[in-house]
Amino acid sequence: MSVLAGKIAMVTGSGRGIGRAIAMKLAGAGAAVVVNDLDDEPAAETVTLIEGLGGRAIACNGDVTASDFGDRIVHAALTGLGGLDIIVNNAGYIWNTTIQRNTDEQWQAMLEVHATAPFRILRAASEHFRASAKREMAADNLVQRKVVNISSVSGMYGSATQVAYSAGKMAVVGMTHTLAKEWGRYGVNVNAVAFGFIETRLTQEFEEKPAEIEVRGQQFKVGFPADMAKQMHQRISLGRPGRAEEAAGAVYLLCLPEADYITGQVLICDGGRL
Ligand SMILES: NC(=O)c1ccc[n+]([C@@H]2O[C@H](COP(=O)([O-])OP(=O)(O)OC[C@H]3O[C@@H](n4cnc5c(N)ncnc54)[C@H](O)[C@@H]3O)[C@@H](O)[C@H]2O)c1
């Protein structure tokens with residue numbers, strides 16, 4: 001099925017986890033994809049996997065929080081693949097503690113990656129979106145474009161130890177509602193998907209010591225003790241965490257032409273909360 005044939009997408013943080021699954025899903029439906037990650041190796045693997053499907057992908061790696069990154073990735077899409085129709089703001093990580101231990105640095109880091117980076121990317125894309133829409137409307141041929149911002153149930157409902165993360169994930173929801181209003185006239189659908197418990201390296205179960213991931217040379221503890229993970233599963237209607245491919249499915253739905261009249265919405269993809 002090539003329902004997205006001819007479309008050009010960018011997916012940040014697509015070297016691993018949900019981002020990779022989204023990039024693969026969009027590519028599998030025919031979109032060409034700009035892959036991004038902090039880490040070159042997993043991003044290169046995603047490009048190779050897409051090429052293995054017969055798809056087209058390029059990498060624009062680097063830290064989404066760099067002040068010039070928005071301009072750089074939009075430029076990469078326009079010059080490297082010849083356009084930009086779908087933006088998925090997915091890159092992110094967690095840095096958890098209770099509020100009394102939450103430093104300013106931690107707060108800033110979470111807002112930078114989950115809110116400021118998507119803002120700069122979308123600001124950088126705005127010229128392309130507006131100019132393309134004006135040209136296409138003059139030819140009576142407006143192309144519908146899509147933004148999907150990745151949020152979390154932690155932003156929607158709160159989650160202990162995630163004061164900064166949840167603030168960042170809710171900031172992106174506010175941005176989604178506002179840009180849906182600003183960009184509706186240009187045919188851009190702006191939606192968000194808020195994930196619950198999706199199996200990736202961020203949510204891995206551990207018996208004794210939490211796993212650690214490295215982000216920009218810094219180590220972060222991730223995951224849940226196995227007994228806590230079991231309790232969390234019991235609070236999910238479907239009784240289990242989601243797979244990255246299932247998470248990608250929710251993003252994909254919002255990128256389809258069938259979703260052309262859906263904008264300013266937050267789709268919750270969490271297996272159902274009990
Ligand atoms: N896994 C879950 O249960 C869950 C739930 C809700 C929301 N989310 C969100 O989904 C998104 C993807 O998370 P995941 O679970 O797939 O994590 P992951 O760690 O498996 O993948 C995230 C990728 O983003 C990259 N990344 C992180 N910071 C970056 C930066 N500054 N610049 C560029 N790349 C960066 C990482 O290197 C990694 O490859 C995140 O925004 C996360 O907050 C995940």
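This is a predicted model: local features need pLDDT of at least 70, side-chain atom pairs count only at pLDDT 80 or more; totals for chains, interfaces and linings use all residues.

Analyst: Let's start with S166, which sits in helix 6. Helices here are DSSP runs of H or I with at least four residues, strands are E runs with at least two, and both are numbered from the N terminus. Residues are numbered from 1 along each chain as its sequence is written, and side-chain values use heavy atoms, leaving out hydrogens and water.

S166 counts as buried because its relative accessible area is 15%; buried means under 20%, exposed over 50%, and partly exposed in between, using a 1.4 Å probe and protein chains only. A polar atom of the S166 side chain lies 2.6 Å from the backbone oxygen of Q162. That's a polar contact: a pair of N or O atoms within 3.5 Å, where within protein one must be able to donate a hydrogen and the other to accept it, and residues adjacent in sequence count only if both atoms are side-chain atoms.

Now for the ligand. It is surrounded by 30 residues, and D37, N90, Y165, T200 and R201 are the closest. To be near it, a residue needs a heavy atom within 4 Å. This shell splits into 12 nonpolar, 12 polar and 6 charged residues. Nonpolar covers Ala, Val, Leu, Ile, Met, Phe, Trp, Tyr, Cys and Pro; charged covers Asp, Glu, Lys and Arg; the others, including Gly, are polar.

K169 has a polar side-chain atom 2.9 Å from one, and a backbone N or O atom of G196 lies 3.0 Å from one. For R201, a polar side-chain atom is 2.7 Å from a ligand oxygen. On its own the ligand has 820 Å² of accessible area, and the protein covers 98% of that. Such areas come from the Shrake-Rupley method with a 1.4 Å probe; for residues, only the protein chains shown count as cover. Two or more shell residues come from each of helix 1 (17-28), helix 4 (104-138), strand 5 (145-152) and helix 6 (163-183). Strand 5 gives the most, with 3 residues.

For contrast, look at A138, which is in helix 4. A138 is exposed because its relative accessible area is 72%.
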